[in-house]
Amino acid sequence: QPSAAPTAEPSAAPAPTVAAASATPAGPTPTLDLPTQAPTITAIPAVAPFPLEAGWWDDAVCYEIFVRSFYDSNGDGIGDLNGLIQKLDYINDGKPATQSDLGATCLWLMPIMPSNTYHGYAVTDFYDVNPQFGTKDDFKRLIDEAHKRGVRVLIDMVLNHTSSEHPWFKEALTGPGAPHRDWYLWSHDEPPTQGWHKSPVRDEYYYSAFDGGLPDLNYRNPEVTAEAQKISAFWLNDMGADGFRMDAAKHLIENGAVIADTLETNAWLREYRTFLEKTAPGAFTIGENFGASSIGLASYYPDQLDMYFEFNIGQKLIQAVNLGDASQYSGAVHVATEDLPFQRWAPFLTNHDQNRAMSVLGDKPDRARLAAIAYLTLPGLPFVYYGEEIGMLGTKPDEQLRTPMQWSAEPGAGFSSAAPWEAPQPNFAATNVAAQDADPASLLNL
Ligand SMILES: [Ca+2]
Ligand SMILES: [Ca+2]
Ligand SMILES: [Ca+2]
């Protein structure tokens, strides 16, 4: 029941340096090398809570990449890992003295595992790389090349569900007795609550928090938890990833009609964190708790994931820039710094699920500059969605939020020598990396 959700005590007042930094977002870049304040401990955690120690996340900027749309190295119209490797110097050339690169020191790759969907969030094999993107060796080479440049690589870890095309689910659909039957959630009668889908083969229903193509895994089954841990260890220890963006973290375990933010999910993430600490010390995790403001994140501190996306601040910032009124934005920053453990939240403008910032800002570069300066100077680990740095446009449907990177005015926007899997935005001839590189006043050169 919602009323049973844990309520964390608000943490102690933030360090004064944080308040000062957020009060002057347009001023000089504040030092991010701040001491880490141990979060306030609630009575809820059953294990010893951890402080987020000082680390690379203190002065990093992370760049979110949709591999399918970043750069195509082999002329099939689909972005790939070798293409990303070829463009790493654009993100970070490994030379701190040069300013021609973005200088990001962290990447978040949207799902790279085999999938029957273009976006990759329907995983069909958790132990491989999508062949459209390359091979496991390509991924390892990406990790090597990124590390050479001082760049960490986080990958999307989609544990709440699998694809409906995953062999586990196809086998589970056949009925009771199937080895993976209890890896998913079933009901003979149609439950009155949302999220239940009719089986295509039997007179019964399965649960999915999203759509029928993404059946939820059953994390009340210890076998599923063990598998999730095995998958995570594989990507950290065998493949060399530095950590995970935890997809749909709030949806992991349902409790009756309560489908998000349950005590069971908190407990699961706590155990997961403990597992990672033992298996791959130093692995970094950041939770997608969609739409969460500080109140929605309260139950996840202090002992679960390292960091969480703060969805509210970016939305309020874009609104503030459009309205010329920062009161709601500064209020949101104030609440976050008061309520959330210090430096444990990540500000961003928009991600791959939201209309692109420049579109919401009315295609006005001055507004984009102001928004960028404001959120890139907040505490925490800021995330930039690929293309945001040149003001790429895009409004829903989702495919339009994820169009090919606009590298140049050449056909295919310099993204591919072939026809891109999805057409670039119509403005690519005017808005692209090459043009903005050559213009000292461009958004890219901010
Ligand atoms: Ca390709
Ligand atoms: Ca550089
Ligand atoms: Ca779930």
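**Salt bridges and a helix contact**

Reader: How many salt bridges does the count come to here?

Author: The count comes to 19 salt bridges. Please keep in mind that this is a predicted model.

Reader: Why would side chains pair up like that?

Author: Side chains of opposite charge can pair when their charged atoms come close.

Reader: Which residue meets arginine 245 in a salt bridge?

Author: The partner of arginine 245 is glutamate 288, with 3.3 Å from N to O. The two belong to distant parts of the chain, 43 residues apart. Arginine 245 is in strand β7 (residues 243-246), while glutamate 288 is in the loop between β8 (284-287) and α8 (294-297).

Reader: And is arginine 245 buried or exposed?

Author: Arginine 245 counts as buried because its relative accessibility is 1%. Glutamate 288 is buried too, its relative accessible area being 7%.

Reader: What about aspartate 353, which residue does its side chain meet?

Author: Aspartate 353 forms a salt bridge with arginine 402, at 3.0 Å from N to O. Aspartate 353 sits in the loop between β10 (345-346) and α11 (357-360), and arginine 402 in the loop between β11 (383-385) and α13 (433-437), so this pair ties together parts 49 residues apart in sequence. With a relative accessibility of 3%, arginine 402 counts as buried.

Reader: Which residues do salt bridges with shared partners join into one network?

Author: That network consists of Asp89, Glu145, Lys148 and Arg149. Within it, the side chains of glutamate 145 and arginine 149 meet at 2.9 Å, N to O. Both of these residues, glutamate 145 and arginine 149, are buried.

Reader: Changing topic to helices: at what angle do α9 and α12 cross?

Author: The axes of α9 (residues 311-323) and α12 (residues 365-376) cross at roughly 140° and come within 10 Å. This makes α9 oblique to α12, since only angles over 145 degrees would count as roughly antiparallel.

Reader: Is that crossing left-handed or right-handed?

Author: The crossing in which α9 passes α12 is right-handed.

Reader: Which residues of the two helices meet?

Author: From α9, the residues are Leu317, Val321 and Asn322. They meet Arg367, Leu370, Ala371, Ala374 and Tyr375 of α12.

Reader: How do those contact residues divide into nonpolar, polar and charged?

Author: The contact of α9 with α12 has six nonpolar residues, one polar residue and one charged residue.

Terms used. Residues numbered from 1 in each chain as written. Chains lettered and ligands numbered in written order. Predicted model: local features only at pLDDT ≥ 70, side-chain atom pairs only at ≥ 80, totals over all residues. Heavy atoms only, no water. Axes fitted to C-alpha atoms, helices over the stretch in contact; angles between N-to-C directions. Helix = DSSP H or I, 4+ residues; strand = E, 2+ residues; numbered from the N terminus. Parallel < 35°, antiparallel > 145°, perpendicular 65-115°, else oblique. Left-handed = near helix turned anticlockwise from the far one by under 90°. Contact = heavy atoms within 4.5 Å. Nonpolar A, V, L, I, M, F, W, Y, C, P; charged D, E, K, R; others polar. Salt bridge = Lys/Arg side-chain N within 4 Å of Asp/Glu carboxyl O. Buried < 20%, exposed > 50% of the residue type's maximum accessible area, 1.4 Å probe, protein only.
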